[in-house]
Amino acid sequence: MAGKVSISAYQAMWYQVGIVLATAILFVPAIVAADARQDAWLSLVPAYLFGSLQVYVATRLAQRFPGETVVQYAPRVAGRVPGKLIAFVYVFYFFFVGYFVQQEFAALMASGYMPLTPPVVFMLVLAGLAAYAAYGGLEVICRVNTLVLSVALAALVIVFLLVVKDIKIWRFLPVLENGPEPVVLGALPPGGWFGETAVILMLYPFIADKEKAVRAGLLAVFLLFLAMELVVVSSLGLEGPLEAARFLFPTFNVVRRIRLEALPILERQDAVFMMIWVAAMMVKLTTFFFAAVLGLAQWAGARDHRTLILPAAAVMTALAVQAWKNIPELFAFSSEVFPLTIIFVNFFCTVLVLALAVARGIAGSPAGRGGERG
Amino acid sequence: MVRRGGRPGRQAEYEAGLPTQAGGLLEPSRWPAYEKDDLERLPIEPDLEKNLRRLEAIFGHDPDFATRRFRIGGRVAAAALFLEGMVERPLLTENLLKPLVQYRPEPGARLTPAFLAESVITMPVQRKVADLHAVCDHVLDGCVVLLVDGEREGLALKAVGYEKRSPEEPMTEAVVRGPREGFIESLATSVTLLRRRLKTPNLVLENLVLGRVAHTQVVITYLRGLAAPELVGEVKKRLARIDVDGVLESNYIEELIRDHPLSPFPQVIVTERPDRVAAHLLDGRVAILMENTPFALVVPGEFVAYMQSPEDYYHHTVLGIFIRLLRWGAFAISLLLPSIYVAVTTFHQEMIPTRLLLNIVGAREGVPLPAVVEALVMEVAFEILREAGVRLPRAVGQAVSIVGALVIGEAAVTAGVVSPLMVIIVALTGIASFLTPSFDLAIAIRILRFPMMLLAASLGLFGVVTGILAILIHLAGLRSFGVPYLAGLTPFHPQDWKDVIVRLPMWMMRRRPRELAKENRERMAPDLKPHPPGGRGRRGAD
Amino acid sequence: MNGRIKVKTLLPAVLLLALLVAGCWDLREVEDLGYVLATAIDRAPGNRVKVIVQLPNPRVVGGGGPRGAVTPSASVASKPYRNYAGTGATMFDAIRAISQESARRLFFAQNRTVIISERMAREGLREVLDFLSRSVEIRRHLTMVFVVRGDPAQILDVPNPHSPMPALRIDDIVKWRGQTSRFAPVPLSRFLEFLSLEGAEPYAGVIEAVPNPTYRAGQGERDAPEPPRSIRLRGAALFRGDRLVGFLNEAETRGLLWALSEVRGAQVVFPLPGGRPGEQGTAEIQRARGKIEPEVIRGRIVMTIKVFTEGNLAEVEGTLDLSRPEVMEQLDRALAAAIRGEVLAAVEKTQEAGADVFGFGEAFHRKFPREWKRIKKNWPELFRDLEVRVEVKATIRRTGMIGKPRPILVP
């Protein structure tokens, strides 16, 4: 009775919001504040515009080939060998984000909550959940995401409401003290993060109401922008840009500094926030892991991606374990290298494929070859 | 034990009458089992005595098997076969025996069963029977079978009249306000209860017999035009697959038609309330009723359905909203409270307000068990008490649970084996699990509580959230008869949430659940919100 | 298919067991931790750090458990708290040294009070502050920083039946700071933020153990004696960078808090207008807001502190006719003058100490970012000679349950 796996455009939108938000809220406020100081909240505006552009380009490209993923049509667009290469860049990129997420996750868990537990445990547990969800396929991931993200966004708003009394406007002054350059510079990392919505390239074949995809994508970036503003504004407004930039995990600090003399039971409840965040991280990892496994299966021409799930999870975890040896390295990576890497894949590769496809007049048939079972 | 295809030579055994061996009758337990195929091959012979001999061979010395011989109009030999306890005697005498015996047929007229049924017998006729299998079948089903000498057909006459209890208030689904009758073990009565609630020819009842040996009547029922034909087809397909010897309770069926047999979560709604079944049918679901049990099955059963109680709709909407919210909270408590307690006290001590923390520490000082062991022990003890309370005779059961809980709890605390807070936690968890309207869902939660506690003990709140996510992923992957298990919760459709987290006023729930009634979703006329005459909200012509 | 089902069902079970057997790395039973509720930091000889922590005795302060065993004698077992001290080369070193004596692992997440000795503060807090902000357990926004005048060990050992633990008592006193606003408790996060700003300096609360006037020596044959000392919060400590450079007295502290908008309530005594000398009124402040407005007037930087406040009349000596609106206006002005006096005193004292705890520089920075870049190097000097104007607008809203004061007839 179960029909072909399909998700609605709005599920896809929630999905894009969920996967970006999970890691973006962890690092972005500190990274942006490092460059843009008290204007970090302004930095999000160019980042938002850039993110919209990226998701627009990606969705347009996906719409040219409605029934296929980028891994499937890249070889046709760019020629066999270069196309396979581009496809592999995408697949590897998904893996890469996957183990980056695992490492980031373990970093916070180990430094914030459970210092004695070996970090590999966190990675394994998260990878196990991701593999379990990947067996269920896209529909399962989407359903879980909807629930998790609604809770996460609600938590974000509640936290904001709890700290809003301590937010001081003067911490945002003076505006544009050092001119617009730092603001633009600070926009780069969040812009990169917004671009992660380009994962739509792998999900598009499964979307049922494809005509709404562009609008949903743009809406996703807008929602993200709002959520990020909430985080950045509370982070800056509570601690000031100098202190916010000093924190490794400024969002967590916002939760940690909830202070309510009338209701002290709400103080120090950051572990609850941690739980919600773990759920969001799981969704993010699952998404990229699923995209990677699906892409790998398509790239290698395997019939069923499910057989690849367990080995891929093992490889990803192994990569994550050896990737960064300490927090400063990870932090430097995520502020300097990571945004550029993902912008390269999400934006330049996508533009390249789209440009080639337009120039050579290649498009997929409206029906496409049909998405494989997800 | 039941083989297909009869054995050769069996007929001879039936011919010979009761099985014998040298020296007398064979022990009944040593008689060969009769098989459908064998019996179907034995037609009703014109020789009445031969038929009776054969049937005697089949039913043997069963004390309740009655053969009433008589002559129609004093001339033609006939016999009425029935089971003593299964038929209504006055009906039998008044409407069958009396008319037949008093009937004066034209001399020489043939007394065909068709003729008798039309002109003599004043009893509802079930059908004509032509072979011994059909005879047995109807006799066992509570019919009277009339055999007439010289005819190759008999008549099965419906005269069911066995002992049954009258519909009472269901014990498992008590309500404060609402109908007080529940299904009973008699299928006919149960069906009537349902018919009375949905008086439409579109209420379809499809009959089915399950169980090779037990031959249990099962009825598939749905509303034509509301239930999706694919769903009905799927239900029939799955029921047709069932080939077991006996179906004694609806769980036999449930376990054989579930989508995910090993999942602890219920996938079929079980209820003994006709009003609840009617409400589900109106949603576009399919119900399966069965004789010999008051519990009906309803499919598909998605998660949300287990959180809804019929009573939600029988009270004021404000109470409905409140009770629903309370229920979701209690659901979370019954799944998570012990594990969260363990996680917070052993991993995240910073989360507890200082003075409460000092209280907990003061109470825990001197308790020798680690918190998780303490929790596990107490939870197991609670489960034992609960189970004992159910199994023991009703009067004793209550005493045992109360005395057990009080005495054990109090003694354990005084002895310093467990901390008082843990007793509160366990008791609260146990009580909260009774707020889940579905017993099946409550069972799933009770069981899942234990792995959750272990996760909490090894990884703290991270472990708890891991468990929650695993359950969530599991639930998201489930389907019940094609309907996603989390339908109504996710993907997010505000329309459907009106009856999920809360229970909004009737006039706001205009549509049926989207996954069930795919086409026909309008439940009521628009704009049913009541307006007092002359009130502010009064509208013009509509 | 069969094989997959087995793997699917067995795998989680096996993993769960593995976790349990190998796991529980971070598990700490709740009673095995020593919850530090106050931390005192002092300088030990040889440039070492001495840390005193206060741990509760849960058997006494916590409820539950078998009661009745503890008799209210002065035995060690019935004392509601226990203070441990440790010294080390660094803060963390000193804390870990305590664990050589303590049966409980120290846990700092519940700590709300950090007390720094005057000597330590005068020498600089760099290392202390780094530890406090780096630690996961310490909640920077929930921890209040105090400078102690006198022996920090003494502060943490002042008995009292209300809030028997000194640590919690300090917390409770802070909770009622709106009664007087004569002391300036400051969260660690705020202290650190002001430390990192270029145009502002941090301040901290001051804490003292003072003799208890209700204590009488020799009392106590029949009843337990009154405690000989009390904990008292008073005034503020001024910092320049991480070094303590001076103190504000109670009135001056309130002057500072008016400007920083930190007054939640106060009692302000002011001379009655038109009354005989010595006749005073007292206002109960209920709301107060302050702001600092920098201006450049003829090339000179002028700071204006504006305070808006309103409250009730709590007490009036003399025979003013409060039913007359013009009398109320006079009272408003007298109250404003009293507040202005407090603010000006605070400004003067901070300028003397050279500690810009008002954040004048930061206020200037925000309004004139370009000029600030030019002058920020000279700010310490500019600050000392800064012209500060104070404008106070006070409104007395209500006069309590009676209007006119009762005339006292002297026979």
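This is a predicted model: local features need pLDDT of at least 70, side-chain atom pairs count only at pLDDT 80 or more; totals for chains, interfaces and linings use all residues.
B:Val218 sits across from B:Met290 of strand 11 of chain B.

## A buried strand and its partners

Now for strand 6 (residues 143-148) of chain B. Six of its six residues are buried, so the strand is largely enclosed by the rest of the structure. In a regular strand, side chains alternate between the two faces of the sheet. Here, B:Cys143, B:Val145 and B:Leu147 point one way, while B:Val144, B:Leu146 and B:Val148 point the other way, and all are buried.

Strand 6 of chain B has an antiparallel partner in strand 4 (residues 76-83) of chain B, joined to it by four bridges. Within strand 6, B:Leu147 stands opposite B:Ala79. Strand 7 (residues 154-158) of chain B also pairs with strand 6 in the antiparallel sense, again over four bridges; there, B:Lys158 is the bridge partner of B:Cys143. The hairpin made by strands 6 and 7 of chain B has five residues between the strands, and B:Gly150 in this hairpin takes a positive phi near 90°.

## The nonpolar cores

The largest nonpolar core holds 361 residues, and the members that touch the most others are A:Leu126, A:Ala130, A:Ala280, B:Val464, C:Ile116, C:Phe146 and C:Leu256. Helix 11 (residues 270-300) of chain A gives the most to this core, with 23 residues. Another core, of 36 residues, lies apart from it and includes B:Leu48, B:Val145, B:Leu147 and B:Ala156.

What does C:Phe146 touch beyond its neighbours within four places in sequence? Its contacts are C:Thr113, C:Val114, C:Ile115, C:Ile116, C:Ala204, C:Gly205, C:Val206 and C:Ile207.

## Where chain C meets its partners

Between chains A and C, 20 residues of chain A are in contact with 17 residues of chain C. Helix 4 (80-113) and helix 9 (213-246) of chain A each supply at least two residues of the chain A side, and helix 9 of chain A gives the largest share, four residues. By class, this side of chain A has six nonpolar, five polar and nine charged residues.

Between chains B and C, 29 residues of chain B are in contact with 28 residues of chain C. Helix 11 (317-346), helix 12 (354-364) and helix 16 (439-477) of chain B each supply at least two residues of the chain B side. The largest share, nine residues, comes from helix 12 of chain B. This side of chain B divides into 15 nonpolar, 11 polar and three charged residues.

Definitions and conventions
Residues are numbered from 1 along each chain as its sequence is written. Chains are lettered from A and ligands numbered from 1 in the order in which they are written. Two residues are in contact if their C-beta atoms, placed from the backbone, lie within 7 Å. Ala, Val, Leu, Ile, Met, Phe, Trp, Tyr, Cys and Pro count as nonpolar, Asp, Glu, Lys and Arg as charged, and the others, Gly among them, as polar. A nonpolar core is a set of buried Ala, Val, Leu, Ile, Met, Phe, Trp, Tyr and Cys residues joined through C-beta atoms within 7 Å. A residue is buried if 20 or more other C-beta atoms lie within 10 Å of its own, exposed if 12 or fewer, and partly exposed in between; C-beta atoms are placed from the backbone. Two strands pair if DSSP finds at least two bridges between them.
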